[in-house]
Amino acid sequence: MVISDTHEHSFDGNNLPDVDVLLHTGDLTNFGELDSLRECVRMMGTVNAKVKLVIAGNHDISLDKTRRVENMTDDEYSKYHEAAVEIMTGSAAKEAGIVYLEEGTYTFNLDNGAKFKVYASPYTPGSGGWAFPYQPLEDRFNDAKQAAQNRTSIAENSIPAGVDIVMTHGPPHSILNQVDGQNLGCPNLLRAVGRVRPLMHCFGHIHEGHGANIVTWKPDGTVKDPSSATPLETEQINEFPYTNEWAIKPGQQTLMVNAAIMMNTAKGMRPNYKPFIVALSLPRQ
């Protein structure tokens with residue numbers, strides 16, 4: 001199950017299908033307040049999933065170790081941040097089955113013998129006081145040899161080859177990322193995902209981009225049709241609460257999922273979108 005941008009919306013996981021893996025790609029909260037994080041942990045504890053992988057988003061301010069709160073000293077914010085991380089990694093989170101992922105690559109095994117490698121990153125391009133920012137000309141996802149010539153690699157954990165799933169908060173450029181006709185996704189992220197070609201790349205952040213596409217890569221790793229955010233020939237229909245069984249050609253195609261459940265309306269955010277239940281053919285141990 002893939003879900004994102006719940007923004008403090010509380011649901012009862014007992015009303016959701018049982019799954020092997022839950023992936024939450026960030027914006028658990030509106031401002032990262034500790035009580036909101038606690039409620040998110042409680043809520044995700046109600047979902048029946050063997051593995052629950054969670055990353056932060058730009059709204060989850062307290063989970064960023066860099067101070068983003070103006071009315072706190074550095075020492076006060078450090079304690080605030082430590083408390084937030086403790087909520088996501090402490091006893092309550094463990095009891096809920098949550099594994100909080102900071103930026104990096106991780107490997108997981110399932111009881112059915114499946115083994116999968118995940119790359120996770122909460123970072124998105126931007127500023128304005130939100131969490132986990134980087135500048136558009138900075139590349140967090142490719143090392144100096146892999147980055148485009150007009151980009152500066154700041155990668156501490158570039159996306160490695162061989163990952164099965166990429167979890168980022170923000171979308172790649174041109175894929176499920178449009179607002180008012182403008183592509184807001186990251187070209188550097190698209191370059192990295194095209195380089196490693198995972199089975200699935202899931203994200204959120206751009207609520208208007210909710211949906212799923214199967215991208216076919218060109219030999220050089222670029223997208224078949226980067227000019228269109230949702231090319232009709234690859235757009236997938238979400239069959240929630242049933243499992244989406246979409247055929248994906250490993251190494252040639254990637255399932256792109258923008259799982260943001262919030263719809264932006266004139267009256268604010270509304271949880272009008274559904275999560276995605278996706279069947280992936282994963283490697284076996």
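Me: What makes the second largest cavity count as one of the cavities of 30 Å³ or more?

Reply: In this predicted model, the second largest cavity holds about 50 Å³ of space.

Me: How do you know which classes of residue line the second largest cavity?

Reply: Each lining residue is put in a class by its type: Pro and Cys count as nonpolar, while Gly counts as polar. The lining of the second largest cavity comes out as seven nonpolar, six polar and no charged residues.

Me: What lines the largest pocket, and how much space lies in it?

Reply: The space in the largest pocket is about 370 Å³. A pocket, unlike a cavity, is an open set of points. Its lining has 20 residues, and those nearest the centre are Asp20, Val21, Val278, Ala279 and Leu280. By class there are 15 nonpolar, two polar and three charged residues in that lining. Strand β2, residues 19-24, gives the most, with four residues.

Me: How do you know that β2 and strand β3 are paired?

Reply: Pairing needs at least two bridges. Five bridges join β2 to β3 (residues 49-54), and the two run parallel. One of the partners is known by name: His24 has Val54 as its bridge partner in β3.

Me: Why are β1 and β4 called edge strands?

Reply: The open sheet has four strands in the order β1-β2-β3-β4, with parallel pairing. β1 (2-3) and β4 (98-100) each pair on one side only, and they are therefore the edge strands. Helix α1, residues 34-45, lies across β2, β3 and β4 and runs at about 155° to β3.

Me: Why is strand β17 described as largely enclosed by the rest of the structure?

Reply: Buried means under 20% relative accessible area. Six of the six residues of β17 (residues 253-258) are buried, so the strand is largely enclosed. In a regular strand, side chains alternate between the two faces of the sheet. On one side of β17 are Gln253, Leu255 and Val257, on the other Thr254, Met256 and Asn258, and all are buried.

Me: Which strands pair with β17, and in which sense, parallel or antiparallel?

Reply: Strand β14 (residues 200-203) is joined to β17 by four bridges and runs parallel to it; Met200 has Leu255 as its partner.

Me: What makes β5 and β6 a pair, and what lies between them?

Reply: Six bridges join β5 (residues 104-109) to β6 (residues 115-121), which run antiparallel. Asn109 stands opposite Lys115 in β6. The two strands form a hairpin with five residues between them, and Gly113 in the turn has a positive phi of about 95°.

Me: Why is Ala93 called buried?

Reply: Ala93 belongs to helix α3, residues 91-96. Its relative accessibility is 0%, and the cut-off for buried is under 20%, so Ala93 counts as buried. Leaving out residues up to four places away in sequence, Ala93 touches Val41, Ile87, Met88 and Ile98.

Notes: Residues numbered from 1 in each chain as written. Predicted model: local features only at pLDDT ≥ 70, side-chain atom pairs only at ≥ 80, totals over all residues. Heavy atoms only, no water. 1 Å grid on protein atoms, 1.4 Å probe; cavity = no way out; pocket = protein on both sides within 12 Å on 5 of 7 lines; lining within 4 Å. Points joined across faces, edges and corners; volume = space filled by probe spheres on them. Buried < 20%, exposed > 50% of the residue type's maximum accessible area, 1.4 Å probe, protein only. Contact = heavy atoms within 4.5 Å. Axes fitted to C-alpha atoms, helices over the stretch in contact; angles between N-to-C directions.
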